[in-house]
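Please examine the structure shown below.

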Amino acid sequence: KAEPESRGIVGFLNEQTLLVKQGSLVGEWDLDSGQQLPQRFVHDDWVICAAVSRDGKTLAASTGAAIQLWDIPGGRRQATLIGRASAGRLAFSPDGRTLAAGNAQGGIELWDVPAGQVLFELTGHRGAIRQLAFSADGRRLISVADMAAEGTEVFMWGVSPGESHKE
């Protein structure tokens with residue numbers, strides 16, 4: 001099992017607080033003081049990747065096939081999502097109700113966050129998913145896969161309710 005990068009920026013919670021993944025924890029840093037805040041989001045294994053919802057209320061952190069969902073204001077783990085493959089990239093839809101989880105096999109699972117259920121899986125990439133981003137209205141998902149010597153592969157998917165296709 002390859003170890004993930006030990007540190008990485010997850011995103012801003014607000015104008016003053018930054019989330020950073022560090023080994024098995026996602027830590028909060030106060031930007032005004034430059035100090036790390038008390039640890040609240042500790043995981044059982046290395047955090048491979050993490051994402052924060054746009055409203056700053058939900059943290060998703062992948063430790064492999066398991067994705068932990070955290071209630072940020074309360075500092076409590078809400079749910080554990082078990083996917084088909086190890087999620088190496090995560091992205092929330094703008095409304096925070098859908099989570100895209102990309103894997104090294106080129107697949108992307110779209111999760112209904114409140115229900116904790118997979119909505120559907122997007123397949124077609126020939127390499128590991130390296131980036132995911134939803135459009136501002138949440139109706140499209142852009143995915144970028146690493147094709148090694150062949151470069152990169154970029155797909156745009158329609159992901160509206162009842163729709164899952166490559167555009």
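In what follows, Ala, Val, Leu, Ile, Met, Phe, Trp, Tyr, Cys and Pro count as nonpolar, Asp, Glu, Lys and Arg as charged, and the others, Gly among them, as polar. The model is predicted, so local features need pLDDT of at least 70 and side-chain atom pairs count only at pLDDT 80 or more, while totals for chains, interfaces and linings use all residues. Residues are numbered from 1 along each chain as its sequence is written, and side-chain values use heavy atoms, with hydrogens and water left out.

A cavity is a set of points on a 1 Å grid over the protein atoms alone where a 1.4 Å probe fits but cannot get out, and its lining residues have an atom within 4 Å of a point. Grid points are joined across faces, edges and corners, and the volume is the space filled by probe spheres set on the points. The whole structure holds 1 cavity of 30 Å³ or more, and the largest cavity has a volume of about 40 Å³. Among the residues that line the largest cavity are A65, I67, N103 and E109. By class, this lining has 5 nonpolar, 4 polar and 1 charged residues.

A nonpolar core is a set of buried Ala, Val, Leu, Ile, Met, Phe, Trp, Tyr and Cys residues joined through side-chain atoms within 4.5 Å. Buried means under 20% relative accessible area, exposed over 50%, and partly exposed in between (1.4 Å probe, protein chains only). The largest core has 14 residues, of which I108, L110, L122, L141 and V159 touch the most other members. A second, separate core of 13 residues includes I67, A87, L90 and W111.

Side chains of opposite charge can pair when their charged atoms come close. A salt bridge is a side-chain nitrogen of Lys or Arg within 4 Å of a carboxyl oxygen of Asp or Glu, and the whole structure has 5 salt bridges. One of them joins D71 and R76 at 3.4 Å, N to O. Here D71 counts as buried because its relative accessibility is 16%, whereas R76, at 53%, counts as exposed.

Another salt bridge links R126 with E153, whose closest N and O atoms are 3.1 Å apart. R126 counts as exposed at 60% relative accessibility, while E153 counts as buried at 9%. In a further pair, the side chains of R130 and D146 meet at 3.7 Å, N to O. R130 is partly exposed at 38% relative accessibility, and D146 is partly exposed at 32%.

Terms used:
On a 1 Å grid over the protein atoms alone, a cavity is a set of points where a 1.4 Å probe fits but cannot get out, and a pocket is an open set with protein on both sides within 12 Å along at least five of seven lines; lining residues have an atom within 4 Å of a point.
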